[in-house]
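Please show how the features of a predicted two-chain model may be read, one at a time.

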Amino acid sequence: MLSLNAALAACVFCTLATMIPVCCSRSCLQRTLLCLLLAITGLLACMAGLAGLLVGGGEFTLPLGLPWLPMHLRIDALSSFFLLLIGSLLLPVAIYSQGYLRGMANIAPLTVFMPLFVLGMLGVVLSDDAFTFMLFWEIMSVSSYFLVTFEHQHVENRKAGYIYLLMAHLAGLLILGSFAILYAASGSFEFAAMREAVISPLWAAIAFLLAGVGFGTKAGMVPMHGWLPEAHPVAPSNVSALMSGIMLKVAIFGFIRVVWDLMGPGDFQWWWGMLVLAAGSGSAVTGVLLALQQNDLKRLLAYSSIENIGIILIGLGLGMLLARFEYPMLSALALIGALYHAINHALFKGLLFMGAGAVLHSTGTRNMEVMGGLIHRMPWTAALFLVACIAIAGLPPFNGFVSEWLIFQSALMAPQLGGTMLSTMIPFSAAMLALAGALAAACFVKAFGVVFLGRSRSEAASHAHEVDHWMKLGMAIPALLCLLLGLSPVLVIPVLDAIPQLLLHTSLSDSVHAHGWLWLTPVGTGRASYSAPIILAGMLLLGGLTFWLLHPKGRTIRRSVMWSCGNPHLNARMQYNATAFTQPLRRIFSGIYQPEEQTHIARPFHTLLTQQVRYIVHIQDMMVQRLYQPVADYVLSLAKRLDRLHQQDIRAYLAYTFYTILFLLALLSIKQSIAAYHFVPLTQGNALSTQLSVTQPRLPVAGLVTGLAV
Amino acid sequence: MSSASVQIIQAVMLLLFAPLAAGFVSTCKARLQNRRGAGVLQPWRNLRKLFKKEVVMAHHASWVFRFAPYIVFTATLMAASVVPALLVDTPLSLTADVIALVALLALARFFLALAGMDIGTAFGGMGASREMTFSALAEPAMLMSIFVLSLSAHSTNLTTMITHTLNSPFALHPSLAFAMVAMVMIAVAENGRIPIDNPTTHLELTMIHEAMILEYSGRHLALLEWAAMVKLLLFSTLIVDLFIPWGMTAQADLTGVVIALGLWVVKVAGLLFVLAVFETSMAKLRLFEVPEYLSGAFVISFLGLLSYYMLEVGA
C-alpha cells in the first residue's frame, strides 16, 4: 500500500498547487510555492513508482465521480513504471522552473494549469476504469492547451493551440470509441471486467485501430503528428520538457494499457504488429528527416520527439509480432527495449528542452542561425546539453544506446515468422532504426555544433550569460540519470521485469543476470552481450593514459589565429550554419522534402560584379500538406454550405423545429410498434450487442418508456 | 599463455601495425603506379614527427576541440581491442558485440564532427556535414550486412559468429557473398578511401575527413591520423574475421597463436593489396554520386537477406 499512498499524496499535492493563485498574489511567492509543490509531487511519484515495482501495488476506490461509478484506482507494474517516469522528470523540471520562471510576468495561469496537467497525467496512469481514465485524459489535454497558449499575444501560439486542441479531441474521441467497444463486450467500465471480456476478432481489430490511431495521435505518430511541431515550440520551455518528455509517454502508456493489457496478447492478430512496426519505422525516419531541416531549436527537438516515439513503436510492434507468434521471451525483450527507450527519451528530451530553454532565456531567440559560440559563455549548459546529444544519438556509454541495442537484439533474434514478407519486414525495420539513429547523430551534431560551437553569429549570442544554479541543477539531474541508466542496464532491467511478467507471464531477469552485473546478456549468453561499465572504464583508462603520456606538463597550449587560407577577413557569417549543414541531405532526400529553393543574385553594376546573393529555402511537412489540408478544406466548404441555414428568418427556424419534432415522434412510434409486435426489449435490437457476448441485461431507459406509456 | 595476455598482444599489435598497414597500402599503390614510394615505414615517421611538434590552437577553440582527439583515439582503440584477431574467444570480446562496435566508431565520428565545427571555419563545417550525412547512409547498409551474417549464427557476438563459421562445413552461401560485397563497399566508405574520399589530398573542395582535421596540429593531429589508421586495420580484421576466419586459434597456446598471427598477416595484407589495386584503377566519385554508391551497398545487403530467406533457410 506504500506505493498507493505515495501516489495519492502526489495527487493531493498537485491539487493543492492549483490553489496557489487564490492563496497569494505575489509572483515570487507563487513561483516558489509552485516549484516546491511540484518537486514534492515528483518525489512522491518516484517513490510510488519504485515501491510499486519493487514491493507491489494496490487498489483503491475513491468515493468521487458518478453516483453509480466510483473512481477505481490501481497500481500495477505498468503504472508503477510510468509513475517513476513521470516523477523522475517532474522533479528536475520543478527545480529548473524555479530559475526559469524568474522574471516572467503574470505566471498565475502557469501555477494553475501546470499542476492540473501533472494531475491529469498521474490520474491517467493510476486509473482502473474507463471513466476515470477518460476524465483525467481530458484534464491533461485541456490544461496543456492553456499551457501551449500561455503566451497568447502571438498569433502563431493561438493557432498552434487551436490545432493542438482539435487533434487532442480527435484522439480523445477515437480512444472513447475503443473503450465503447470494450464496454459493450464486458458490460462494465472497470478494467478488471474488460480484461475478462471475450471479443470477436472483428471488433477487437476495430478497437485496436481506434486505440492505435487515438493514442498514436496524442503520441505524435506519423501521419497524425501535425500538432506536435506546432505546439511544443511555443509552450514555455519547462512545459515543453514535460509535454515532450512525459505526455507523449502517457499516450504510449495508454496504448500499452488498452492493447497489451485490456485486450491482451491472446487477441493479437498478425497484422497488428506489422502495422505498429510500419508506423514506428515511418515515424522514426520521417521525424528525424524533418528534424534535420529545422532552424528553430525547439522545433528541431519537437520533430526529434516524433522520431523517438517511432523507435518506441518499433519496439512495441516487434513485441506484438513476437507475442503473436508465441515467442514470449523475445517479445518481453522488445517490450523492455521500448519501455527503456520511453524513460530514456523522457530524460534526455527533457534535458534538451531545458537546455533549449536556457539558451532562449539567455539569448532571447530560438533561431539557430543567429547563435554560435555559446560554449564559451554558457559552459555548464553546453556540457549538459552535450550529454543529452550523445545520449539521444544512441552512442555508448549513455542510455540511448542501451535501449536501441535491446530493440536491435530483439529484431535480430526474431526467428522466421510466417512467410518471407514478414521475416524481411523485421530486419528492414531494424535497418530503418539504424538509419534513424545515424541521422539523429547528424541532427544533434548540427544542433550542438551550430548553437554552442564556432563563433557567435549575432550580438545577442556574443552577450549570452550562464543561467542560474536552479536551472543548472535541474539540468544536471537528468544528465546524471542518463549516464546511470546507460551504465547499469543489468540493474535496471530486473526492476522492469515485473511488466513482462504482468503482460506476457515471462521473466527476463534470469538470462539478463547470467553473466553477473557487468555484462548485459539478454536471451542466452552466447548470443549478444554488452558491458557499458567496462567500455567506460577502458576509455577513461586509455584516454587518461594517453593524455598523461602526451601532455607536456606545466606548459599551456599556444593559441593563434585560425587558419584562413591566407584571407585576413574571415568573419562569423562565413561559418557553416544550420541551413548549410543539412544541404547534402536536402539534396539527397529532395524527393521527400520537395524543398522550394530560390536564389536571388544582385548584380546592380555589371553582369560580372555580384554584390549580393540571397538564398531562400522553404521546406514544408509534405505529410501535413497532403493529408490535413484537404480535410480542412472540406470542413470549410461544408461549413459554408451550412452557413446558408444560419441566415434565414424566424418562420423558417420555426418550421425546422416543427419538422424535427414530427420526425422524432414518427421515429419513436415506429420503434414502439415494432417492439410491441416482436415482444422483445427495446435495446436488444442493435447489431453490436447481438454479436458480442452481453454479460448483463440492460434495462431500457426509464424516461423513454414512461414518456411513451403516457 | 593465458587468453588475457593474447588479448593484450592483439590490441597492441593492432595499434602498432596500423601505421604499417597504411604504409603498405601506399607503397603498393606507388608500385602499381610505377613509382618507388616512400616506404612502408613512412606513416610511422610522420607520426613521430607530429608527436614532437608543438600544438597550436585557434583562439576561440573550446575544450571540445582539445579533447576530441583523445576521445576519437580511445574509442577507436577500444573498438580495436574488442575485435578478435588471433584468438577466437578473448576476454574483452564479450564487452561489445558488433552493434556496440559500430556504435563505438560512431562515437568517435560524432566527436570528430563536433571538433570540425568548433573553430568556425567553412572547411570544418563542410567536412562535418558531409561526414555525418554519408555515415548516416552507410550505417543501415553496414548493419544490414551484419544482420545477414547474424541470421545464420544466431548471434551478434563476434566470438560466436566466428566459431559458427569455423565449425560449419564449408559451403558457398549466396547470402554471405552479398553481405561481403556490401561490407567491403561500406568499409571503403567508412575509411574515407577512393572512390569516396581521398586520404592523401588536402584542400580539395570535395574532401571530407581531411576537412574536419584541417585545424589540428602536433600530437592532436598525430592521434587523429593514428586513429584513422587503426580504423583501417580494424575494418580489415573485421572482414577477415567475419568471412575468412580459418586459421584463428581457439586455444591460447604459443604455436596456435603464431600460426594465427602468420595467417592474419597474410589475409590482411591480401585484403589491403586488393584495396590498393582498386584505388589505383578507380577515380573518385563525384560527391553527390556517393549516396548512390551507399544505397547500392544497402540494396546488395538486402538482397543477401532475401536470398538467405529464399535459398538457405529451407535447404
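**Reading the model**

A: Helices (H or I, at least four residues) and strands (E, at least two) are DSSP runs, numbered from the N terminus. The model is predicted, so local features need pLDDT of at least 70 and side-chain atom pairs 80 or more, while totals for chains, interfaces and linings use all residues. Residues are numbered from 1 along each chain as its sequence is written, and chains are lettered from A in the order in which they are written.

Q: How many residues of H3(A) are buried?

A: A residue is buried if 20 or more other C-beta atoms, placed from the backbone, lie within 10 Å of its own. H3(A) is mostly covered, with 20 of its 28 residues buried.

Q: Where does pLDDT stay under 50 in chain A?

A: pLDDT is the predictor's confidence in each residue, from 0 to 100. Where pLDDT is low, the predicted coordinates should not be read in detail. In chain A, the values stay under 50 over residues 682–710, although the chain mean is 89.

Q: Which helix gives the largest share of the side of chain A that touches chain B?

A: Contact requires C-beta atoms, placed from the backbone, within 7 Å. By this criterion, 64 residues of chain A are in contact with 65 of chain B. H18(A) supplies the largest share of chain A's side, 15 residues.

Q: Which strand of chain B do bridges join to S3(A)?

A: Strands pair if DSSP finds at least two bridges between them. Three bridges join S3(A) to S1(B), and the two strands run parallel; A:Ser560 has B:Ala58 as its bridge partner.

Definitions and conventions:
Contact = placed C-beta atoms within 7 Å. Buried ≥ 20, exposed ≤ 12 C-beta atoms within 10 Å, placed from the backbone.
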